[in-house]
Amino acid sequence: MKDLIQTRVLQLDREAIDEAVAILRNGGLVAFPTETVYGLGADATNDSAVARIFSAKGRPSFNPLICHYPDTEALLPDVYFDARAQVLAKAFWPGALTLVLPRRPESRVSLLCSAGLSSLAVRVPAPQPARDLLARLARPVAAPSANRSGKVSPTRAEHVVEELEGRVELILDGGPCPVGVESTVISLLGEQPVLLRPGGISGEQLAELLGEEVLQPDASTAITSPGMLSSHYAPNSRLRLNATHVSPEEALLAFGPKPLIGAKREINLSPEGDLQEAAARLFAALRELDAAGITTIAVMPIPDQGLGRAINDRLQRAAAPR
Ligand code: TXA
Ligand code: MG
């Protein structure tokens, strides 16, 4: 990244969307809220705009990007959309699901978004303002999570400021993201669907709807979906998972009605034990405990089902050795 640029933050309203559209048309970067996390958007058909995403994030360029659309119809020129994709789109879009599909050779989307693969990841985000922005721009928007590469994803506009001030022209502030973990990524490239990243829509929901097994990725898919790199979403503090006790110098990330006693600081993701609430608060809680300068965060066990799978996936990556 060369020189820092001026970053503006605007409340997400009609005028702010006009502003965002103008910036994106000019090859600029705009961070905007989706239901999952804040995305760092660029015009996906503009090579140099997409390249700027990689440099703003410090992201390895072999990691492909998700393209965002206002509705299913808008993405048909870019990917082959088979019957399974239609079933999933009908059930879960707009929403927290990303489909990896074969890319059409005539697609205008920058090849950088596919990072050398012959596929493209596509999604229709839920919030109306995001879809208004996409519809007004009338071009696909490439948008990874709006954090520096390897860091925790932002779920509030303030987090984006912390991560990307000076590297993005505009941040649209639409308040906290309701889902709080990234979209589920499912590959429909092969005979059987493969779950590349657990997320906002659970694997169980997908399998039930498709009426077939959704495969877990193996070692070879780890290379085709580099978001599966094991150390990712990394806070500075060390994470100690499945904690059954906590010591006075540790912070505690608690879950449920019986938090462990004795931590220096504590955040309970959901005193009621609600996985949805826990997912929505996860990244903000990690940021807050991390900022408290405590070396170890003890994390209580989270049930490994539904959204809990996505939460545990992110926690395991945050805990992985780097
Ligand atoms: O919820 C979300 O998905 C957010 C919001 C902004 O939409 N975006 C997001 O993007 O999380 P990102 O770039 O942080 O994660 C995209 C994931 C990565 O794990 C990447 O490797 C995978 O999707 N991916 C993208 N394109 C792919 C492709 N063609 N084949 C396989 N995996 C792909
Ligand atoms: Mg990310």
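1. Domain bounds here come from an automatic or database domain assignment. On that basis the protein splits into domain 1 (8-210) and domain 2 (238-319). This is a predicted model, in which local features need pLDDT of at least 70 and side-chain atom pairs count only at pLDDT 80 or more, while totals for chains, interfaces and linings use all residues. Residues are numbered from 1 along each chain as its sequence is written, chains are lettered from A and ligands numbered from 1 in the order in which they are written, and side-chain values use heavy atoms, with hydrogens and water left out.

2. The domain pair. The C-alpha centres of domain 1 and domain 2 are 27 Å apart. Domain 1 puts 23 residues into the contact and domain 2 puts in 15 residues. Contact means heavy atoms within 4.5 Å.

3. The buried area. Between them, domain 1 and domain 2 bury about 1400 Å². Carbon and sulfur atoms carry 56% of it. Buried area is the accessible area (1.4 Å probe) that two parts lose on being put together, summed over both. Of the area that domain 1 buries against domain 2, 36% comes from Val152, Val181 and Pro198, more than from any other three residues.

4. A helix pair. Helix H4 (residues 83-92) and helix H8 (residues 203-210) have axes that come within 10 Å and cross at roughly 125°. Helices (H or I, at least four residues) and strands (E, at least two) are DSSP runs, numbered from the N terminus. Axes are lines fitted to C-alpha atoms, for helices over the stretch in contact, and angles run from 0 to 180 degrees between N-to-C directions.

5. Its geometry. H4 is therefore oblique to H8. Angles under 35 degrees count as roughly parallel, over 145 as roughly antiparallel, 65 to 115 as roughly perpendicular and the rest as oblique. The crossing of H4 and H8 is right-handed.

6. Its residues. From H4 come Arg84, Val87, Leu88, Ala91 and Phe92; they meet Gln205, Leu206, Leu209 and Leu210 of H8. The residues of this contact comprise seven nonpolar, one polar and one charged.

7. A cis peptide. Trp93 and Pro94 are joined by a cis peptide bond, with omega about -5°. Pro94 sits in the loop between H4 and strand S5 (97-102).

8. Positive phi. Ala115 is not a glycine, yet its phi is positive, about 50°. Ala115 lies in the loop between helix H5 (111-114) and strand S6 (119-123). Asn242, also a residue other than glycine, has a positive phi near 50°. The loop between strand S11 (238-240) and strand S12 (251-254) holds Asn242.

Methods:
Left-handed = near helix turned anticlockwise from the far one by under 90°. Nonpolar A, V, L, I, M, F, W, Y, C, P; charged D, E, K, R; others polar.
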